[in-house]
Amino acid sequence: MSETKQPVIGIIGGSGLYNIEGLTDTRWEKVETPWGAPSDELLIGQFHGTKVVFLPRHGRGHKLSPSSLNYRANIDALKRVGVTDIISMSAVGSLKEELPPGHFVIVDQFIDRSFAREKSFFGPGCVAHVSMAHPTCARIGDALEDSMKALGLNYTRGGTYLVMEGPQFSTLAESNLYRSWGCSVIGMTNMPEAKLAREAEMDYATVAMVTDYDCWHEDHDAVTVDQVVKVLLGNADKARSVVKEVLPRLSAPRPVCPHGCDTALQYALITAPEARDPAVLEKLKAVAGRVL
Ligand SMILES: CSC[C@H]1O[C@H](OP(=O)(O)O)[C@H](O)[C@@H]1O
Ligand SMILES: Nc1ncnc2[nH]cnc12
């Protein structure tokens, strides 16, 4: 019989989503990591017998900017409390006419243009290279798609999320460049989050919630926070509905990911065992303990 895994679902809430509803036995728990402090305490609860963990990406009250997030601490903390599957909920700008504000995109690819962030758990003392060819999990994507269909939401399955450093929004030339690359949406946070989730052998999927047309659309003003927040309020309600719909669809024991999300480190470590730095290995225990 093939091996199965009891999922623990992690939800990373982006701008406008600082809490979720519908969980029982909830508590906010402070989790310490060797990488520093995560964005906030984790909200840990149950959904009909399945453990669910919520982390507000920017902290409650939105205190942290995309460049000052401790992405490694966030992913390590989720792994530490047992999370196997991550749903990232993110506000984004649209780079395509057919993706208007209010539309949801189940992202399947990323282009990472961020540059001022720690992007790996590995480095001097223990080097690893994981595959990022397929950065998102199709199984979670299927569950998200079924949920959005059931709710009658306007959504698109598949699309490329361009990750910019920010915190300023794009120039018109940048926005047009990303459009010429065929990107669907733009945001500031999903990298290195998705890379780190892969290194920590967690399945990752993104719901990108469109709030604006960035600055390229001739019939729309260039994006402002004010405008983003207005659309966000409606998106956040829909996001909570998606969460309620998707949890039962992801709760049953599931097979180990056939595409390798759960085993990304199997052949990724290149530093010879005798050359690995014990202090580095100690830090890697939670995220990479399976292969160390
Ligand atoms: C408030 S607009 C810009 C902000 O919103 C997005 O964050 P998140 O992905 O956490 O929803 C975007 O990436 C920026 O960080
Ligand atoms: N236009 C935009 N650019 C970057 N991040 C965003 N988040 C929401 N809208 C955005």
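Because the model is predicted, local features are reported only at pLDDT of at least 70 and side-chain atom pairs count only at pLDDT 80 or more, whereas totals for chains, interfaces and linings use all residues. Residues are numbered from 1 along each chain as its sequence is written, and chains are lettered from A and ligands numbered from 1 in the order in which they are written.

The secondary structure of the protein comprises seven helices and 13 strands, where helices (H or I, at least four residues) and strands (E, at least two) are DSSP runs numbered from the N terminus. Along the principal axes, the C-alpha atoms occupy a box of roughly 60 × 40 × 35 Å. Of the 292 residues, 47% are buried; a residue is called buried if 20 or more other C-beta atoms lie within 10 Å of its own, exposed if 12 or fewer, and partly exposed in between, with C-beta atoms placed from the backbone. Among contacts with a separation of 6 or more, 83% join residues 24 or more positions apart, a contact being a pair of residues whose C-beta atoms, placed from the backbone, lie within 7 Å.

In soluble globular proteins, nonpolar side chains tend to be buried together. In this model the largest nonpolar core contains 81 residues, of which Val185, Val207 and Ala208 touch the most other members; such a core is a set of buried Ala, Val, Leu, Ile, Met, Phe, Trp, Tyr and Cys residues joined through C-beta atoms within 7 Å. Helix α5 makes the greatest contribution to this core, with eight residues. When neighbours within four places in sequence are left aside, Val207 is in contact with Ile87, Met89, Phe104, Ile106, Leu144, Ala239 and Val242.

Another buried residue is Leu284, which has 25 other C-beta atoms within 10 Å and is placed in the loop between α6 (278-283) and α7 (285-288). Residues up to four places away in sequence not being counted, Leu284 touches Phe121, Cys126 and Leu292, while its C-alpha atom is separated by 40 Å from that of Asn154, 130 residues apart along the chain.

The surroundings of the two ligands were examined next, a residue being taken as near a molecule if its C-beta atom, placed from the backbone, lies within 6 Å of it. Around ligand 1 lie Gly14, Ser15, Arg57, His58, Pro66, Ser90, Ala91, Gly187, Met188, Thr189, Val225 and Val228, with β6 (85-94) and α5 (225-250) as the elements that give two or more residues to this shell. By class, the shell around ligand 1 has five nonpolar, six polar and one charged residues, where Ala, Val, Leu, Ile, Met, Phe, Trp, Tyr, Cys and Pro count as nonpolar, Asp, Glu, Lys and Arg as charged, and the others, Gly among them, as polar. Ligand 2 is surrounded by 13 residues, the closest being Ala91, Gly93, Gly187, Asp214 and Val223. Two or more residues of this shell come from each of β6, β11 (185-187) and β12 (203-212), and β6 provides the largest share, three residues. The shell around ligand 2 divides into eight nonpolar, three polar and two charged residues.

Under "binding site", an unreviewed UniProt entry lists Met188, Asp212, Tyr213 and Asp214; the UniProt positions are given in the numbering used here, feature names are shortened, and annotations may be inferred rather than shown by experiment. Asp212, in strand β12, is buried, with 25 other C-beta atoms within 10 Å, and beyond its neighbours within four places in sequence it is in contact with Gly93, Ser94, Pro101, Val223, Gln227, Val228 and Val231. Tyr213 is in the loop between β12 and α5 and is likewise buried, with 23 other C-beta atoms within 10 Å; leaving aside neighbours within four places in sequence, Tyr213 is in contact with Gly93, Ser94 and His220.

Most residues other than glycine have a negative phi, and most peptide bonds are trans. A cis peptide bond, with omega about 0°, joins Gly166 and Pro167, the latter in the loop between β10 (160-163) and α3 (172-180). The bond from Met191 to Pro192 is also cis, with omega near 10°, and Pro192 is found in helix α4 (residues 190-199). Positive phi values occur at Asp25, about 50°, and at Glu201, near 60°.

Definitions and conventions. Two residues are in contact if their C-beta atoms, placed from the backbone, lie within 7 Å.
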